[in-house]
Amino acid sequence: MAGQNKQLAINMLAQVVVFLVQMGINFLLTPFIVKSLGVEAYGFVGLSNNIIGYLQLATVALNSMAGRFITIEYHKGNIEQANKYFSSVFYSNVVISAILAIISVALLVFLEYVIHIPEHLVVDVKWLFALLCANSLLTLIFNVYIVSPFIKNRLDVTSVRNLISNLMRAAVILILFGFSSSHLWYIGCSSLICGIYLVIANVKIKNKLTPELGVKFGNFDFDKVITLLSSGVWNLIGKLGDLLQRGLDLLFANWFINAVAMGILSITTQIPFIILSVLGLFTSSFAPSLTKDFAQGDKNAMLNEVFKSIRILSICILIPISVLYIYGDVFYRLWMPTQDAELLQKLTICGTFALLVTSPLDGFWNIFTVTNKIKGSSIFMIVNSIMVFLTVLLGLLFTNDITTKMFIIAAVRSLYGVLRGLFFLPIYGAYCMNLKPTFFYRPIIKSLLGLVVSLGICWVLRLCYVPSNWMGLFFVSVIVSAVAVAVGSVLILTKNDKEFIVAKVLKRKK
């Protein structure tokens with residue numbers, strides 16, 4: 001257990017480093033890109049990524065469960081079976097990529113008829129879409145190679161890889177935008193270059209960590225593909241639900257409002273996207289141990305990981321949320337001086353307040369995957385998402401005010417997210433582990449109260465001082481984060497958690 005905790009600490013510390021670097025890069029690049037291209041053009045970056053995400057739904061059923069099956073067979077010592085899963089996924093992804101390539105080309109030809117594109121941006125948007133598609137297809141083909149760090153519980157290796165990729169992306173964008181004219185497709189070019197690097201890095205990491213695994217056509221097993229599809233089809237339904245409640249935001253803005261509103265909403269998703277991405281990485285830090293404990297039939301160890309994830313993820317979300325909610329208007333005013341800072345902050349809060357409830361429970365999705373009981377969660381998510389979709393659609397159809405429409409797009413998903421976090425995740429998580437429905441509510445309520453109290457105390461600081469420059473914002477952000485973490489630690493973390501953090505993160509264990 002000590003070694004497992006140590007690796008967890010290393011994994012999470014690596015995630016923190018990547019988070020800080022990624023946040024810094026986005027912090028510097030986003031206003032630079034918006035200034036170079038304009039807010040109207042910038043919205044098409046997020047929209048193009050979303051459209052590609054729609055196409056990638058075809059890959060979810062196969063790839064979402066690949067890591068689970070390969071990891072379990074590997075830890076059971078069934079290397080031959082693990083290799084069959086590995087090869088089957090690889091060759092299936094090659095076929096899927098070929099099909100998606102044909103669909104992407106057809107969509108590219110008629111793109112200006114699918115979405116509203118200002119005439120002067122048509123060529124740039126099409127090139128952007130083409131390059132992003134190329135990167136997506138390349139990544140899909142070699143997707144199975146990312147399983148090796150998961151198997152060995154070496155997610156710190158993945159973090160180093162992501163760190164290099166982020167730095168490379170920033171360098172390429174700055175070099176390209178240094179030319180006399182600025183184009184949207186520069187962003188697509190940087191993505192493709194980074195995608196090529198990630199493929200090469202993933203192959204090398206796989207060869208180092210799990211040389212026993214490899215691609216061999218003779219290991220292709222159609223039965224293994226069917227097994228993955230039958231298990232992962234519910235993840236596909238869940239992703240489809242996620243698309244209905246999250247992925248259509250910019251498309252709705254493009255269809256029902258205008259390109260400028262789409263650009264504004266795209267800006268407000270930047271910081272929340274980073275937060276969600278890093279929380280996903282933090283959550284994934286618990287997945288390898290949880291999967292191993294399940295494979296070994298250790299239910300108590302699984303429960304310890306789940307409880308620990310609730311408490312630690314609560315503290316993790318406090319750091320960015322405390323600054324964003326207390327001084328978000330100041331941040332946006334300094335970061336995007338040409339935009340309405342108060343509007344940006346309000347839209348951001350509307351789009352993220354569900355995180356206070358759902359973020360501490362992100363580890364429950366690992367339970368669903370590990371126990372291979374994703375059917376119930378997928379059914380719930382599709383119903384939940386249909387409700388979000390219909391609510392947003394009706395709101396947009398019966399509202400004329402542009403600002404109100406933006407708030408509808410931003411807030412509805414969060415409202416349903418709160419309901420999901422309070423009434424579904426803890427109950428279904430308990431069901432998957434054969435526990436009584438109310439089993440997880442005590443630690444959840446404790447964490448939620450700790451988050452609310454911490455933010456309340458931080459708000460008092462706002463009454464004392466509001467900065468007007470970057471130095472002042474940095475100063476108060478450090479103070480607010482420190483206060484939030486300190487209060488949250490007292491109210492949420494257990495004695496063992498604090499000892500764990502001191503011993504492993506601060507290196508004071510004897």
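Mentor: Start with accessibility: a residue is buried under 20% relative accessible area, exposed over 50%, and partly exposed in between, using a 1.4 Å probe and protein chains only. This is a predicted model, in which local features need pLDDT of at least 70, side-chain atom pairs count only at pLDDT 80 or more, and totals for chains, interfaces and linings use all residues. Residues are numbered from 1 along each chain as its sequence is written, and side-chain values use heavy atoms, with hydrogens and water left out.

A salt bridge is a side-chain nitrogen of Lys or Arg within 4 Å of a carboxyl oxygen of Asp or Glu. Searching the whole structure gives five salt bridges. One of them joins Glu112 and Lys126, with N to O at 2.9 Å. Glu112 sits in helix α6 (residues 111-114) and Lys126 in helix α7 (residues 122-141), 14 residues apart; helices are DSSP runs of H or I, at least four residues, numbered from the N terminus. Glu112 is partly exposed at 27%, whereas Lys126 is buried at 19%.

Another salt bridge pairs Asp329 with Arg462, at 2.8 Å from N to O. Asp329 belongs to helix α15 (residues 299-335) and Arg462 to helix α22 (residues 441-464), so this pair ties together parts 133 residues apart in sequence. Asp329 is buried at 7%, and Arg462 is buried at 17%.

Arg333 also forms a salt bridge with Glu342, where the closest N and O atoms are 2.5 Å apart. Through shared partners, salt bridges join Asp329, Arg333, Glu342 and Arg462 into one network. Within it, Arg333 is partly exposed at 39%, and Glu342 is partly exposed at 36%.

Conventions:
Helices (H or I, at least four residues) and strands (E, at least two) are DSSP runs, numbered from the N terminus.
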